[in-house]
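Me: I'm new to this one and would like to go through it piece by piece. Could you take my questions as they come?

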Amino acid sequence: MISDDDKTRNPSVCIIGAGITGLTAARQLAALGYDVLVLESALNSGGMLSAFNIGDELIEHIYHHIFTSDSEVLGLIDELGLSADMKWYMVKDALFAGGRNYPFSTPLDLLRFHELPLLQRLRTGLTVLKAGRLRDWHELESITAAQWLIDNCGQDAYDKLWKPLLRAKFDQDAEEVSAVWIWNKFKLRGSSRSGGKSIEKLGYLDGSFAKLTEVLLRELDNRGGRILYGYTAMGLTRFTAKNGNRRYRVSSILEDCSSIDFDADAVISTISTRQFANLAISLSLPEDYREKLLSVRYKANICMVLRLRRSLSTWYWNTICDQLPFVVAVEHTNMTGINGYGGHIVYLSRYLDITDEVWTRSDGEIYQSFIAGLEHIYPDFSANDIIDWRLKRSRYAQPVVFRNYSSFMPEMNTPEPGIKLAGMAQIYPEDRGINYAVRLGREAADSIVDYIRGSGQF
Ligand SMILES: Cc1cc2nc3c(=O)[nH]c(=O)nc-3n(C[C@H](O)[C@H](O)[C@H](O)COP(=O)(O)OP(=O)(O)OC[C@H]3O[C@@H](n4cnc5c(N)ncnc54)[C@H](O)[C@@H]3O)c2cc1C
């Protein structure tokens with residue numbers, strides 16, 4: 001066992017969470033010779049990017065794609081030697097509104113969207129274009145997305161198109177979400193249409209994005225880093241080592257209720273701010289910072305993946321504007337092709353508050369309601385087409401970006417200098433996503449290096 005006083009030892013870092021953020025940070029620090037330990041409460045890595053075997057392939061529990069402008073993750077893919085697996089696809093989208101499916105991939109599709117008066121269709125198109133060009137998001141911070149969309153696109157466009165979409169993502173908080181969030185969506189999707197293309201171009205890693213986590217884990221292992229599965233971090237304290245150094249103790253609990261403590265010179269937490277606030281209770285963080293931690297609200301997500309004998313349609317993405325049990329249907333194999341999946345892959349997903357009774361329904365009940373919804377959208381679909389299915393619940397799936405979020409976002413640099421917070425709530429003004437998780441993982445690792453260097457302990 002290494003003693004605290006051993007002057008020759010490397011700095012040690014404990015990372016909480018083996019999602020893409022935690023593993024990116026872990027790889028970077030291990031490459032610098034840090035002694036890295038990752039604690040993961042699940043029995044596998046990847047977090048929301050985790051995957052399972054289906055047919056001859058791996059597939060994510062939750063649909064994933066990236067955009068052409070996602071330079072951070074593309075950089076990582078390159079560094080990990082996976083560029084040959086990065087494939088780009090022109091995809092077709094649709095919208096289900098007023099009881100029917102509308103193609104919704106191109107500006108012409110918007111013009112043909114008869115649910116809205118013509119003038120509002122034109123205004124909507126112009127708003128999307130305008131948003132793509134807007135560089136300074138600060139002016140949008142104090143406006144709600146709802147108000148901004150009504151002002152720019154018109155009331156009908158808001159009621160029939162945007163309101164269902166905001167509700168789909170933010171449920172009861174939809175009306176309070178900041179215009180910055182919707183601006184970001186327009187910007188991101190616009191960027192994936194650049195080069196004169198009116199159809200969106202999306203990227204997918206052949207063999208699933210779990211390949212990213214696999215290679216990160218391999219590199220971590222090669223560099224002497226460790227990962228422990230089934231270890232849930234429950235407490236975080238600071239103590240002074242015999243040599244006077246500031247150190248941290250992460251207490252973890254295992255499935256059999258036993259507990260184990262780990263000591264480290266620094267900690268990166270990649271979990272939700274609310275979980276972190278509970279974990280760090282003994283640190284007596286300043287009240288204003290704790291308030292920030294607790295003020296972040298998160299939506300949960302339920303995502304079902306189905307393997308089907310037949311395809312549903314030619315669309316990759318179908319946004320559901322009508323009131324149905326799910327808010328998006330994603331036919332993954334309309335992007336990638338069938339590959340070795342042994343069927344057509346379709347995801348059905350919805351975001352919700354955990355106070356919603358749907359959150360506590362059994363998987364079987366959710367399955368029944370989702371299938372009824374699917375039959376409604378695609379009358380040719382029958383439950384007999386289903387080969388198999390799975391359902392994943394993510395408690396902390398999406399932080400709610402309220403107005404003026406920058407003023408109450410808990411910063412990555414916590415008041416405790418050796419502890420960095422690097423969860424989805426630390427991504428702003430962009431919305432959470434793999435690209436920004438990679439960026440944040442790198443920033444957290446850099447910040448740890450600065451702290452260790454500045455601490456004079458090594
Ligand atoms: C429905 C949906 C669709 C999405 N689609 C896309 C997409 O198309 N493109 C895209 O770029 N992004 C997408 N995302 C977002 C993307 O999945 C996330 O941004 C990214 O995976 C976040 O990674 P993370 O490491 O920050 O968090 P997570 O993946 O949540 O990782 C955190 C890890 O911490 C672990 N953990 C939690 N508490 C503890 C504890 N106390 N102790 C130890 N471990 C703990 C968790 O088990 C988890 O493994 C989507 C997300 C959802 C919900």
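Me: Which residues of strand S16 are buried on each side?
Reply: In S16 (residues 317-320), Trp317 and Thr319 are buried on one side and Asn318 and Ile320 on the other, so to speak covering both faces; buried means under 20% relative accessible area, with exposed over 50% and partly exposed in between (1.4 Å probe, protein chains only). Strands (E, at least two residues) and helices (H or I, at least four) are DSSP runs, numbered from the N terminus.

Me: Before I go on, what kind of model is this?
Reply: This is a predicted model, in which local features need pLDDT of at least 70 and side-chain atom pairs count only at pLDDT 80 or more, while totals for chains, interfaces and linings use all residues. Residues are numbered from 1 along each chain as its sequence is written, and side-chain values use heavy atoms, with hydrogens and water left out.

Me: OK, back to S16. In what sense does it pair with S7, and over how many bridges?
Reply: Strand S7 (residues 93-97) and S16 pair in the parallel sense over four bridges, where pairing requires that DSSP finds at least two bridges between two strands. Leucine 95 has threonine 319 in S16 as its bridge partner.

Me: And in what sense do S16 and S17 pair?
Reply: S16 and strand S17 (residues 328-331) pair in the antiparallel sense, over three bridges. Threonine 319 stands opposite valine 328 of S17, and asparagine 318 has alanine 329 as its bridge partner there.

Me: Are the residues of S17 buried or exposed?
Reply: They are buried on both faces, with Val328 and Val330 on one side and Ala329 and Glu331 on the other. S17 is also joined by four bridges to strand S18 (residues 344-352), and these two run antiparallel; in that pairing, valine 328 stands opposite serine 349.

Me: Changing topic, which residues come nearest to the ligand?
Reply: There are 27 residues around the ligand, and Thr21, Glu40, Met48, His64 and Ile434 come nearest; a residue is near a molecule or strand if one of its heavy atoms lies within 4 Å of it. By class, this shell has 13 nonpolar, twelve polar and two charged residues, where Ala, Val, Leu, Ile, Met, Phe, Trp, Tyr, Cys and Pro count as nonpolar, Asp, Glu, Lys and Arg as charged, and the others, Gly among them, as polar.

Me: Why does the ligand lie between two domains?
Reply: Domain 1 (12-64 + 209-296 + 401-455) and domain 3 (298-399) both give residues to the shell around the ligand, so the ligand lies between them; the bounds come from an automatic or database domain assignment.

Me: What about serine 105, where does that lie?
Reply: Serine 105 lies in the loop between strand S8 (100-103) and helix H3 (107-111), and because its relative accessibility is 7%, serine 105 counts as buried. Its side chain reaches the backbone nitrogen of aspartate 93 at 2.7 Å.

Me: Last one, where is leucine 220?
Reply: Leucine 220 is in helix H8 (residues 210-222), and it counts as buried because its relative accessibility is 2%. The C-alpha atoms of leucine 220 and alanine 31 are separated by 8.0 Å, although the two residues are 189 residues apart along the chain.

Definitions and conventions
A polar contact is a pair of N or O atoms within 3.5 Å; within protein, one must be able to donate a hydrogen and the other to accept it, and residues adjacent in sequence count only if both atoms are side-chain atoms.
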